[in-house]
Amino acid sequence: MRRLPLTLARWSIYALVLAVFVGPFWGLAMTAFSGPTVRPGTLLAWPREATLEHFRFAFTQAHVWRYLLNSCIVVAFGTLLQVMASALAAYALARKRFAGSALVSLAILSTMMLPEEVIAIPLYIVLGKLPPFNVSLLDSYLGMILPVVGWAFSIFVLTEFMRAIPVELEEAARIDGASELQIFFGIILPLVRPALATVTVFGFIMIWDQYLLPLIVTNREQLYTLPVVLSTLRSDETIRPNVFIAITLLAMLPSIVMYLSLQKAFNRGLMTGAVKG
């Protein structure tokens, strides 16, 4: 009986936290499946006359599948290239000694202090006439992918993990005749797998939520990504609030699926970083 108040207090806190974090998503989903049109800014706790009509309208009339495909193409290639480039850069910074390595690290970390709005105009100019090839990457998938390949956060996280790997492992591999690439792919990458999962999740979410970059890269509606389309549909009076909420729900699902699929490795990466700190 003495533990009853403590148990009730614990479950009350659990319920409050669940309501705060899951409540908005639940209301979003229930409203998206509700048949009658709701007033703007209204979310339902339970669907009225449950239907899939709003999702059907989103795919057939609003052509969301096209923008969803654009986002998937950008995030798939962008995340893959970002993780590969970050791993290679982190390996060079963590395991190699060369003149100016500290300055290179400082220059990479300094890019995290610049907001996207500051580099928007220079980025537009560079993508409009990419040196030294003098080709334009505007109105292309490549123009939306290349700027997100280098991300200081991923490089920083992987560098710290790779520095914690004992040098003796590399020395033993070199004695056995392993090449640099064999050491990188066979020893280093498997040991930083939790960190790779961490930067993959963060990189996926960062690229998926990109709004400013696709906005300045392309003026063709056929290449719009979901975040850009959501901003345009928000002011479209022909789109019902339920349809807009259904599209918003579709835009949230890939990030949730990505996190859940890499949750265990992601949590190991965070815990390992916390223990190291």
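**Domain contacts**

I looked up the contacts first: 14 residues of domain 1 touch ten residues of domain 2, where contact means heavy atoms within 4.5 Å. The model is predicted: local features need pLDDT of at least 70, side-chain atom pairs count only at pLDDT 80 or more, and totals for chains, interfaces and linings use all residues. Residues are numbered from 1 along each chain as its sequence is written, and side-chain values use heavy atoms, with hydrogens and water left out.

I noted the bounds: domain 1 is 1–51 and domain 2 is 65–276, from an automatic or database domain assignment. Over C-alpha atoms, the centres of domain 1 and domain 2 are 33 Å apart.

Next I checked the area buried between domain 1 and domain 2. It is about 860 Å², with 77% from carbon and sulfur atoms (accessible area, 1.4 Å probe, that two parts lose on being put together, summed over both). On the side of domain 1 that touches domain 2, I find nine nonpolar, five polar and no charged residues (Ala, Val, Leu, Ile, Met, Phe, Trp, Tyr, Cys and Pro count as nonpolar; Asp, Glu, Lys and Arg as charged; the others, Gly among them, as polar).

I then looked for salt bridges between domain 1 and domain 2 and found zero (side-chain nitrogen of Lys or Arg within 4 Å of a carboxyl oxygen of Asp or Glu).

**Aromatic pairs**

I count eight aromatic pairs in the structure (ring centres of Phe, Tyr or Trp, its six-membered ring, within 6.5 Å; planes under 30 degrees apart are stacked, over 60 edge-to-face, the rest tilted). One of them, Phe33 with Phe55, is tilted, at 4.9 Å centre to centre and 40° between the planes. Phe33 lies in the loop between helix 1 (3–32) and helix 2 (53–60) and Phe55 in helix 2, so the pair ties together parts 22 residues apart in sequence (helices are DSSP runs of H or I, at least four residues, numbered from the N terminus).

Definitions and conventions:
Helices (H or I, at least four residues) and strands (E, at least two) are DSSP runs, numbered from the N terminus.
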